[in-house]
Each structure stands twice: as structure tokens, then as C-alpha cells.
Amino acid sequence: MSATQQPAKSGAESEAYDPRTVRRAMLAGSLGTLIEYYDFSVYGYLAVVIAPQFFPSDDPAASLLAALAVFATGLVVRPVGGVFFGWLGDRWGRRKALVSSVVCMGVASSITGLLPTYSQIGVAAAVLLLLTRLVQGISTGGESVGAYTYIYESAPPRRRAFLGAVTPIGSNLGFMFAAATAGVISALATKDQMADWGWRLPFLMAVPLTLFCLWARLRIEDTPEFEEAARRADIPAAPIREVLSTHRAALLQSIGLSMAQGGAIFLGLTYIGIHLSNNLGYDSTQVLWLSAGVVLVTVLLMVPAGWLAARFGSRRILLFGLLGFLVTAYPAMMLMGRHNLVLAGLAYTLFMLSSAFVQVPAASLWPHLFERRVRYTGMAIGYNIGTVLAGGTAPYIATFLVQRTGNLLSPAFFVMLVCLIGIGALLTVREDV
């Protein structure tokens, strides 16, 4: 039985959706995702500062490419984390997986803030940085899909499309918080201070943030669906094998959708800031604040996007969002190069407006593709493979394209390509949320 052929809910099951429990699930899911993405994305916002500390070179572009390669490597291992946390979530419960992933991320991020630099221990510094990014990548591999799964299963069926906005709101607030934190420190510290110790502070913020999230997640119970399955002993012995044998179509659909979402949004959230400061010469502190403001606009659109998804269906709103990225990528990047920060900010906002209309409907559509038995694992594999292929690699690919072609607008073609892949995958999805 597929996820779109679930039996009707009994009266007992309907009563399982207690409003207080639902609110607690929303808080724990969104808060954990906020902290995970703050920890993970702060590296991208500080890449320009981190690069010479760990990868010194006479060519600044080479240093930046090395730092962005480490950023991408952290996402390459996401499927490993997805497989592990997916197995943990489908076999032993969503709650255990969510608690484990946030602890893993918090520890790795805190250690990053304490690492010695190249000038202190040589090449070993770069190796240690790579190791912490790998641990962060493994953690992230289980976090988003875990939050999507947990909130989807904790929400009443008729509210799932609307409440799907909760997880993207958390992740985007994490990006915004990371940009704002980096912006505040950049504004208060001199360039030398940023290079010496300022870049460490955002990573060390992970300590109190992780403790706060851990408190929230230890207060939640498992989802009603999983608890009912556990009572019936309906737990898969080998969820990975089951996904690969019975959910191949859903897996391919989720990979295509993840490539589109990850490629467009990661480029917007991480590369555009680098593009504005490094390639176009805008002030780096102003760019950090601009990035935070753009993400805030995106977050404000997420509740309306959830309402529209509930009203018209997640597939239609997701298609609208992907088409938005497709048609705005090139003109937005062209307007950014007009040497006017206000115009660049408007162009950046124009590009990212589509983000809410992609992330929110996808948050409820992804778990809908897989049945409960293998939902966590199926999403983890598909979502993370797509992110590896086009998401976390987006900043590196964009920087590489500009360096090889000399065309500052070439990253727009990458966005257009991944959006076409996502639209193709979406058109094969038959059922809606």
C-alpha cells in the first residue's frame, strides 16, 4: 500500500492529534531545524573569512574554491547520515533520530569554533575542518527529513499542507540568524579581528542553541502513526531494502524535486552573498545584512504559501515556485551587476520570492510520496541524493562556472537546469496533499 492509499482514520486515531501535542511537535521540529541550519550555513556566510585561515594561497579565488569544496563535502556525506538516521527513525522512532541529529550537529559546530588554523598547525588544520564538516553533513542528512516526517505525522491530515510551512520557516530562520550573527560580528570587529577570532564566535553560539533545542526535543513523544505501528509490531526490519524494492518511483521523484529545491535555494542562500561581495565589490557587512533581510521576506511568505498549498494543492504551488525560479534567475543576476546596492537587493529579493512557494509545498509533498513504514528512510535517501547532486554543491558549481567562463551570469543557467529537472519530476507525481 502506498502513502497515497492510507486507510481512513478511525475515531481513536483522530483523537491522537491533541492540539497541545501538535503545538509541541511544531516547536520541536522547527526549532531543531533552525539550529541545524544556523550551524550548517554559518560556514557559507563566513567562507570568505575562513578561506585564508585554513587554505592560504596567493590566489584568493583558489582559497575560496577550497573552502567552498569543504562546504560541498559536508553535503556529499548527507546520504550517509540519511541512511543512518532514516534507519534509526523507521526502526526505533522519529524522536530518537531527531534528538541524536541535533546533538551531533551541535558538537561538530562547537568544535569548529575551537579549531587551530593553518598558521598554527599547518595542513592538519584543513583536515580537522574537513572532519567537522563531514560530521555536520552526516547530521544534516537526518535533520530536515526527520522534521518533515515528524510534523507530517503529528499534524491532522487536513492540516498537513498548511503546517508544512513550519519546517521551512525554521530552516530559513536558521539561515537568517546565521547571516545576522555574522553581520553583527563583522560590523563590530575590524578585518584583522575577524580573521583572528571573530569568525569563531558564530560557531561557538552552537553550545547554548543546542542545549535549548535538546530541551525542546526531549519533551516530545513519538508520532501517533509510529506509536500505533510499534503497538502492532509493524516495524520494517530492513527499511533501506524495502525502499529500494517497493518505492523506486517515489525515490526518483524525491531526488528530482530535491535537486531543484536545493540547487536554486542553496545558490540563493550561500552563493549570492559571495557573488555580491567578491565578484561585484559590494561591502561584505552590508551584504550579510541584505542576505538576512531577503531571508526574512521569504519567511514572511511561508504562511501564505502554506495556506495556498492547503487551498489549491501542494503540487500546483510547487510548480508555481519552480517556474518562478526558472524565469527570474537570469534577470535577477543581471540586475545585481548594476553597481547599485538597493537595486541588487531588490533583484536578490525577486529571485528568492519563489523560495517560499517551493519549500513549503515540498515539505508536505515529500513525506506523502512514501508510506509510513519507510517514510523517514525513503525521504532521507531521495532528499539527500538530490541535495548532493545540486544543492550543497551549488556554491562551488557557481564559482567554478564563473571562473571558467568569465561570465558572471553563468550560475543562472545552472538554476534554470535544476528547475527543469524538478518540474519534470513533479509532473509524474499523481497524488496531492
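**A helix pair and its surroundings**

Modeller: Helix H5 (residues 78-92) packs against helix H6 (residues 94-112) at an angle of about 150 degrees, and their axes lie 6 Å apart. Axes are lines fitted to C-alpha atoms, for helices over the stretch in contact, and angles run from 0 to 180 degrees between N-to-C directions. Helices are DSSP runs (H or I, at least four residues), numbered from the N terminus. H5 contributes Phe-85, Leu-88, Gly-89, Asp-90 and Trp-92 to the contact, while H6 contributes Arg-94, Lys-96, Ala-97, Ser-100 and Ser-101; contact means heavy atoms within 4.5 Å.

This is a predicted model, in which local features need pLDDT of at least 70 and side-chain atom pairs count only at pLDDT 80 or more, whereas totals for chains, interfaces and linings use all residues. Residues are numbered from 1 along each chain as its sequence is written, and side-chain values use heavy atoms, with hydrogens and water left out.

As for the cysteines, the structure holds zero disulfides, a disulfide being a pair of cysteine sulfur atoms within 2.5 Å. Cys-213 is in no disulfide, and the nearest cysteine sulfur, that of Cys-104, is 13 Å away. Cys-213 counts as buried because its relative accessibility is 0%; buried means under 20% relative accessible area (1.4 Å probe, protein chains only). Cys-419 likewise counts as buried, at 0% relative accessibility.

Phe-266 belongs to helix H16 (residues 248-279) and is buried, with a relative accessible area of 7%. Beyond its neighbours within four places in sequence, Phe-266 is in contact with several residues, among them Tyr-37, Phe-71, Phe-175 and Pro-395.

Conventions
Helix = DSSP H or I, 4+ residues; strand = E, 2+ residues; numbered from the N terminus. Buried < 20%, exposed > 50% of the residue type's maximum accessible area, 1.4 Å probe, protein only.
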